[in-house]
Amino acid sequence: MPVQDSSSEGIDTTLFVTVSGPPGCGATTLCKRLADAMGCPYVSGGDIFRELADDRDMNLNQLTAKADESDEIDRALDQRLQQIAEKWGMANKPFILESRLAGWLAGDRADLRIWLDAPEDVRLNRIDDRMETEAEMRVREVSEAGRYQSYYEIDIGNRTFYDLHINTARWSKTGVFTLVRAAIEEYDPELDEGSFTTPSMDV
């Protein structure tokens, strides 16, 4: 008997999900599919960052360089994301927040924190059709990691904070979605032992 494919069916949930990962990890693809299946909105930190760049008539690389000069841009971006997390964390409705720091910014307000990753060569191949170049991507990753450590004492390489860590090079887009779908559907808040303390983030 063939296995029934449920990947296109809706997901009945009220979970607040965060998705994080480096450029080319597949976060946008997953979030769009999750939002459709969960019937909910999602906010992308990347989109907000691009809006900030457009507002200042800059490209992404220029805004990244500007963010290196002071904490004004990062603080404004993170504060907005944190406010969104606070709003949806109390709504008891499904929602998806996607950014490199989404899990940290949402903290205990999030029900499920996901980290996506893939080997660098895979991620570089995925961003070939984007405006951001390979050099710009690498500069941005190093720059962001340094700022996170400086501002919030966050080690972006620490994966223990996340509930689910997926190497997206090992599965198809549908496979990644199926793994996350299973995590959402099998989520049991009573099994949360509270062993990880959410850091204090002053944004």
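Biologist: How do you know that strand β1 (residues 16–20) is joined to β3?

Modeller: Four bridges join β1 to β3, and the two run parallel; strands count as paired if DSSP finds at least two bridges between them, so β1 and β3 meet that requirement. One of these bridges has Phe 16 and Phe 95 as partners, the latter in β3. Strands here are DSSP runs of E with at least two residues, while helices are runs of H or I with at least four, both numbered from the N terminus.

Biologist: What kind of model is this, and how are its residues numbered?

Modeller: This is a predicted model, in which local features need pLDDT of at least 70 and side-chain atom pairs count only at pLDDT 80 or more, whereas totals for chains, interfaces and linings use all residues. Residues are numbered from 1 along each chain as its sequence is written, and side-chain values use heavy atoms, with hydrogens and water left out.

Biologist: Why do β2 (42–44) and β5 (164–167) stand at the edges?

Modeller: The five strands form an open sheet with parallel pairing, in the order β2-β3-β1-β4-β5. Because β2 and β5 each have a single partner strand, one side of each is left without a neighbour in the sheet.

Biologist: Why is Arg 100 called buried rather than exposed?

Modeller: Its relative accessible area is 14%, and buried means under 20%, exposed over 50% and partly exposed in between, with a 1.4 Å probe and protein chains only; Arg 100 is therefore buried. Arg 100 is placed in the loop between β3 (95–98) and α5 (102–106).

Biologist: What makes the link between Arg 123 and Asp 117 a salt bridge?

Modeller: The closest N and O atoms of Arg 123 and Asp 117 are 3.8 Å apart, and a salt bridge requires a side-chain nitrogen of Lys or Arg within 4 Å of a carboxyl oxygen of Asp or Glu, so this pair qualifies. Arg 123, at 6% relative accessible area, is buried, and Asp 117, at 18%, counts as buried too.

Biologist: Which residues are linked with Asp 117 in a network of salt bridges?

Modeller: Arg 123 and Arg 159 are linked with Asp 117 in that network. For Asp 117 and Arg 159 the closest N and O atoms are 3.6 Å apart. That pair links distant parts of the chain, 42 residues apart, with Asp 117 in strand β4 and Arg 159 in the loop between α7 (134–152) and β5. Arg 159 has a relative accessible area of 25%, which means that it is partly exposed.
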